[in-house]
Amino acid sequence: MDKKQTRKVLTASLVGSSIEWFDYFLYGTMAALVFNQLFFVNEDPTVGLMLAYASFALSFFIRPFGGIIFSHIGDRIGRKKTLVITLSLMGFATFAMGLLPTYQAIGVAAPILLITLRLIQGLGIGGEWGGALLLATEYAPPERRGFFGSIPQMGVTIGMVMGTLALYLMTLLPEAAFMSWGWRVPFILSAFLVLFGLWIRKGIDETPEFKAVKASGEIPKLPIVDTLKYHWREVLIAIGAKVVETAPFYIFGTFVVSYATTNLEFSRTATLAAVMIATVITTILIPIMGALSDRVGRKKMYVTGAVAMGLFAFPYFWMLQQGSVLLLIVATIIGLGVIWAPITAVLGTMFSEIFDAKVRYTGVTLGYQIGAALAGGTAPLVATFLLATFDNSYVPVALYIMLTAVISLLSIWAVKDLSGTQKQEKAATLVAKESRV
């Protein structure tokens, strides 16, 4: 594959993933700042916030269903066609959110419509990530698979940077204007990003590995059945490994917005700025960590990040408690910007290397999305509940972060390190199969 084709593949993988996560994180932050007041109206502000976070969590439980639907299409028909469908679904739902009337205008129909669109978002993202990952890794040279696999992971943080920046600009408006129409602008303008993403993906061909499977006639009739029958251990490993990557991320990137502004009296602007700075840093570090994993191995990179995450849980909250904007920024940079980077950089590649190409879309998607459902979308809700239950003490939330690290370390213990000789043997086997075809 020449350099021009490489750039095109990586751009298609990155752009779509960035747009998907821009839309997704936009909702997560708006749940804390806007939706609890305009859609989930309640006399108790804490209840309203928890309802808003519950709507955020709800879509995570629809993501595995979206994953099953679109990974079936991806393993049966192809990665490219699936990615066009998922991006279109996500774009429609996000654009429509910007046009919704509020609770004050149409009553209970407002949160119902919002939740419906949120579920559509969940279906789209459920199938998007696996396709974006495989578009990168199945085109990758064996010795650079870690780097290639880290590129779609950058889409998570790039999407968050775009979403945070859009919100930051809108919060510069007077409060009345922001609550009236300013919050709608990023949702509506996302339509232009979606059109750009579809245009980029139009020129990409199917991946070599999917073509090889198709040519061999080994495409399974029901990929989900084959995955659960022959690869259930790998699915469980992927679910567990996802926990420490997703729960702390939503604590550092979403929950902190409401916690820092409501409980610790930081300004909304300062909190969003801290998150934005940290996400820029982790976006830069992700491909560096991915390339490093090609030299030292995925497992070593992942374990180092997971251990550091567990150790940083208490220092993170202690730094926030000091009431210093500088320490707020430093704490967010360390947690979200530095420690999280090696975990997420190798996660996708590690998943893709433990599943056979015939069911790879289904396998990586199931593990990723079920893990996200159990630990990701629920994280802000769990953290808010723990604060309310334990008199605003951060100790239970810190222990929760440590628990996620322990769960993932136990899961990853079962993963073979696919660096060095094992990775070369896997690549040689694949080449042999393709030559026979």
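**Close-up views of a predicted model**

Q153 is buried, with a relative accessible area of 0%; here buried means under 20% relative accessible area, exposed means over 50%, and partly exposed lies in between, with a 1.4 Å probe and protein chains only. The model is predicted, so local features need pLDDT of at least 70 and side-chain atom pairs count only at pLDDT 80 or more, whereas totals for chains, interfaces and linings use all residues. Residues are numbered from 1 along each chain as its sequence is written, and side-chain values use heavy atoms, with hydrogens and water left out.

View 1. Helices are DSSP runs of H or I with at least four residues, strands are runs of E with at least two, and both are numbered from the N terminus. The side chain of Q153 makes a polar contact with the side chain of W129 at 2.6 Å. A polar contact is a pair of N or O atoms within 3.5 Å; within protein, one must be able to donate a hydrogen and the other to accept it, and residues adjacent in sequence count only if both atoms are side-chain atoms. At 2.9 Å, the Q153 side chain also reaches the backbone oxygen of T344. With neighbours within four places in sequence set aside, Q153 is in contact (heavy atoms within 4.5 Å) with W129, E245, I286, T344, A345, L347 and G348.

**View 2. G28 and T11 in helix α1.** G28 counts as buried at 0% relative accessibility. Apart from neighbours within four places in sequence, G28 is in contact with Y53, F56 and T254. The C-alpha atoms of G28 and T157 are separated by 14 Å, and these residues are 129 apart along the chain. T11 is partly exposed, at 33% relative accessible area. Between the C-alpha atoms of T11 and L311, 300 residues apart along the chain, the separation is 35 Å.

**View 3. The largest nonpolar core, with 120 residues.** A nonpolar core is a set of buried Ala, Val, Leu, Ile, Met, Phe, Trp, Tyr and Cys residues joined through side-chain atoms within 4.5 Å. F35, I251, Y302 and F317 touch the most other members of this core. Y302 is in contact with A241, K242, V244, I343, V346, L347, M350, S408 and I412, leaving aside neighbours within four places in sequence.

**View 4. Aromatic pairs, of which the structure holds 19.** F35 and W183 form an edge-to-face pair, 5.7 Å centre to centre with 90° between the planes. Rings of Phe, Tyr and Trp (its six-membered ring) pair if their centres lie within 6.5 Å; planes under 30 degrees apart count as stacked, over 60 as edge-to-face and the rest as tilted. This pair links distant parts of the chain, 148 residues apart: F35 is in helix α1 (residues 3-38), and W183 is in the loop between α7 (175-182) and α8 (184-202). Both F35 and W183 are buried. The F196 and W199 rings have centres 6.1 Å apart and planes at 35°, so this pair is tilted. F196 and W199 are 3 residues apart in helix α8, which separates them by about one helical turn. F196 is partly exposed, at 41% relative accessible area, and W199 is exposed, at 59%. One aromatic cluster is formed by F252, F255, Y259, F312, F314, Y316, F317 and Y394.

**View 5. Charged side chains over the rings of Y27 and W413.** A charge sits over a ring if NZ of Lys or CZ of Arg is within 6 Å of the ring centre and within 35 degrees of the ring normal. R118 lies over the face of Y27, 4.2 Å from the ring centre. K299 lies over the face of W413, 5.8 Å from the ring centre.

**View 6. Salt bridges, of which a search of the whole structure finds 9.** A salt bridge is a side-chain nitrogen of Lys or Arg within 4 Å of a carboxyl oxygen of Asp or Glu. E138 and R360 meet through their side chains in a salt bridge of 3.2 Å, N to O. This pair links distant parts of the chain, 222 residues apart: E138 is in the loop between α5 (109-137) and α6 (145-171), and R360 is in helix α15 (residues 360-375). Both E138 and R360 are buried. E353 and R145 form a salt bridge with their closest N and O atoms 3.6 Å apart. E353 belongs to helix α14 (residues 325-353) and R145 to helix α6, 208 residues apart; both are buried. D294 and R298 meet in a salt bridge of 3.0 Å, N to O, and both are buried. Salt bridges that share partners join D75, R79, E138, E209 and R360 into one network.
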